[in-house]
Each structure stands twice: as C-alpha cells, then as structure tokens.
Amino acid sequence: MTLITNHMPTAELQALDAAHHMHPFTHGRDLARKGARVITRARGVTLTDSDGNEFLDAMAGLWCVNIGYGRTELAEAAARQMTELPYYNTFFQTTHVPAIALAEKLAALAPYDLNRVFYAGSGSEANDTNIRMVRTYWAEKGEPQRDIIISRKNAYHGSSMGSGSLGGMAAMHAQGGMPIPGIHHIGQPDWWSEGGNMSPGEFGLKRARELERAIDELGADRVAAFIAEPIQGAGGVIVPPESYWPEIQRICDAHGILLIADEVICGFGRTGNWFGSQTYGIRPHIMTVAKGLSSGYAPIGGSIVCDEVAEVLDGCEFAHGYTYSGHPVTCAVALENLRILQEEGIVERVATETAPYLKRKWDALAEHPLVGETKIVGMMGSLALTPDKAARAAFASDTGTVGLICREYCFGSGLVMRHVGDRMVISPPLVISHDEIDLLAERAWKALDLTHERLKQDGLMRAAG
Ligand code: PXG
C-alpha cells in the first residue's frame, strides 16, 4: 500500500517540492527560495504542518471544507464505492446509482425549479459547461446570435480558458490569451473601494444598472446570460449593498436573459442558507456548484439547471461532457457530505448560532486602528485594511503589500486568514465552535496589532495620494 506520510525532514520535502511540483498562482522562484509550508494532517478546524505547528484554518482549505476535517464517514463512503464500482461513465446512455442519487438530492435541496444536474469535476469545468450550455440553449431556441455573457470585473469563476474569461481578474487576463470572445465585464458592487461619495444603496443601484446599460449597448438580442457570485469570494468577500441584487434580478427579468448564480463558494451553507441565492432572493436559471458540495474531500462540480433550460437542451445532443462527469466515488462522497450537513443541522446552526456569534466578534475588529470596514454574511467575512478610516483610503504601497504582511503575521499567530490585496478574508469550516471563534478573533487582533506596529516602523501607514 502506498502511504503518503510525513517521512522526511521538512527541508527535504521542500527541496523536492521546489524541484518537481509547480504550484497554482505562485511565483515559483520566490517559493523555492522560501520553501513551501508542508501540511501533514487536519482535524476539525485545525491544520498541522510538518514541524508540528498548529493553525486554526479560517479559510476551510480554499473555501471548501464546510463540514471540517477528519470525517471518516466520507472516507468510508469512498472506500465502499471504490469497492463496488470505482468508475463508470455517464456517456453513451448509461448511468449509475451514485450519480442518480446525488442528482435527486441536489434537485431536492436546490430552490425553485432547479431540478436537473450536469456534473463536472470542478467549479471551472462547471462554468465552462455553463458557457456552452447557455449559448446552446439560445441556439436551440432559434437565437444563435445571443452569445454574449456578461460578467463582472474582479469576479472569480475559475481558471480554465472559459471560466477564467468569465472571471474578471486582470492579472489572469494578462496571461495566455484570455478572455475568449463574447464575454463582457461590468463593474463590481464594491462600495468600500469604488463607492466614492455615494451611499451604499445608491452605489449598489448604480452598479446594477451597468448591466442594463451593457444590455442596451450590446443589443438585448445579443445577450445570452449574466453570471455572478451572490457574494464575491476570491475577489475579497465583497458583500453587495442591499439594493444590488433586486435590481439585477429586475433587469434580467425585464430583458429575458438567463441568470447564472455561481454558488461555488456561497453554496452548501456558507451564507447561512443552503445557497447564497436564497440569502439574496435571487432566482437563477443555473447554479454553479463545487467546493462545499463534497466539503473538498473529493473533486466535484456541477451545474444545477432549471426545468425550462433543461427541457430545451433535451431537444438536442449537447456535445459536451467530462470523463469524470458524475464520477461514482466523488458522487458517493458528496452524498455523504450532504447527509452530514443535513442530519447534523449544520446549516441551521450556522444561521441561528455560530454566524451571529462570529459576526459580533468580527465586527468588533472594526475597533482596530487598521480596520476600515468589516463585512460578514454567514461564514464568510472580510476586513478592509486602511491607513485612514474616515477617508476609506488605500495604502500608498503597492496593493497587497500590507495584506501580505498581515497574512504572514496570521500564520505566525496560528491562524490561516487569506489576503486579497489589502483585504483580509475568512471562510471557516461551518462546524467551528464558539471557543474556536474566540480564538480566531483573538489571533486576528494580534496579527493586526503586529501588522500595525510593523507598518509604523517601516513608514507604510501612508495613504495613496
Ligand atoms: N467559481 C467560484 C465562485 C470560485 O470561487 C471557482 C468557480 C472555480 O472552481 P475550481 O474548483 O475550478 O477551482 C471558484 C474557485 C482563492 C481561490 O484564492 C478561490 C478559488 C479557487 C482557488 C483559489 O480565493 N475559487
């Protein structure tokens, strides 16, 4: 049996990693110089590295380990399924029990008439599916010219050519020929950074109406769909003003364009409901899911599709699919994860107990001299770091300089909190306890203090001009 354990000194593992392993979103030479942090095990909300250091993982891995680490039931579900039927495909008019059972379960959990599932192996693949699906839908309806998908700047929808093009990350678009044709980006509802003198409500309406303006300019008969995360995750946990989503919904309805809610982060309890769409009263035609669907224990994604879109697609052969669409082992793992989320009442507990508690602790960080706004919905939150709260100022240093310093102090304080530019973000496992929330807040405060001291010493508490 191949057991992959921590069998070498950290430095040797780091050297091998640098020699042979190419990391996502990482400057290779910088990392090689420093050595990657080697994570060896995890239980509950706690990670352990190869030197025995422990960290409270306030990111749930990459926004995905919703039920927490170490649930052996999922390992057992995978082992059972691997023994029974490790693989079969869902092409060529075949199916299998795990794919059927999970699709039925997702249809029951998803709101409205989102009753059909197209499986993928990740969120990126699912969003690639969505691009082809909405364009094929309109072609089947006799409107093949409706091929433009509107998305937003600073959105994240994945890293493949299609999903990366839907995303609005400038650094990604600068490499490798993205975006693909037919994707149009409008502004994001980030009041803190971009709202100027407007109230959040006015700004939310203004940014939503950019969708209407884009539809008018591009031509209503050219627009296939609008895609957005209910709350932008990788963009920095940008919580939209209350006015934003109702106006987006009105515009999509008025112009008859399809609405895709990317629930890859917001889904499966993250916002205190099963889906972010429920938190915001959004009525999507398609929801993208991944991450929390299996709590990250196995790679799976999918598109949950409304009856009308599915019925139109039923009229043709949709020439699309992945070897691992509906992989039996990942479906079995996801089903077990959903059983645990449901039977243990984890989503309800987030809504009624832990999220309100976390919100109190999180909002108290606004008292810290470095923190401008705090934002939190359910179990996803952000802090905007600033040298001048009243002016909502950005730092004079390159964006991300301060965030990176803070992230390093978080690690040093036993806390995994990510930075997006100069925003700090959290997305802890949904099973985090009150005591662990106390620890999270204490460690975050300590890291902020250390960051503040360092910024003062280095002359970095200056606002951009
Ligand atoms: N949609 C959303 C909203 C996401 O957050 C994807 C799609 C793509 O999913 P896959 O499974 O293909 O990665 C994501 C992924 C970060 C970070 O640093 C965020 C993601 C992935 C990697 C890093 O915040 N989100």
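I looked up tyrosine 324 and found it in the loop between helix H13 (307–313) and helix H14 (328–343), where helices are DSSP runs of H or I with at least four residues, numbered from the N terminus. At 52% relative accessibility tyrosine 324 counts as exposed, the classes being buried under 20% relative accessible area, exposed over 50% and partly exposed in between, with a 1.4 Å probe and protein chains only.

I note that this is a predicted model, in which local features need pLDDT of at least 70 and side-chain atom pairs count only at pLDDT 80 or more, while totals for chains, interfaces and linings use all residues. Residues are numbered from 1 along each chain as its sequence is written, and side-chain values use heavy atoms, with hydrogens and water left out.

I then turned to arginine 71, which is buried at 19% relative accessibility. Its side chain meets that of glutamate 344 in a salt bridge (2.7 Å, N to O), a term that requires a side-chain nitrogen of Lys or Arg within 4 Å of a carboxyl oxygen of Asp or Glu. Arginine 71 lies in the loop between helix H3 (60–63) and helix H4 (72–84) and glutamate 344 in the loop between H14 and helix H15 (346–364), so the pair ties together parts 273 residues apart in sequence. Arginine 71 also meets glutamate 73 in a salt bridge (2.8 Å, N to O).

Last, I checked arginine 207, whose salt bridge with glutamate 194 has its closest N and O atoms 2.5 Å apart. This pair links helix H10, which holds arginine 207, with helix H9, which holds glutamate 194. Arginine 207 is buried at 11% relative accessibility, whereas glutamate 194 is partly exposed at 36%.

Terms used:
Helices (H or I, at least four residues) and strands (E, at least two) are DSSP runs, numbered from the N terminus.
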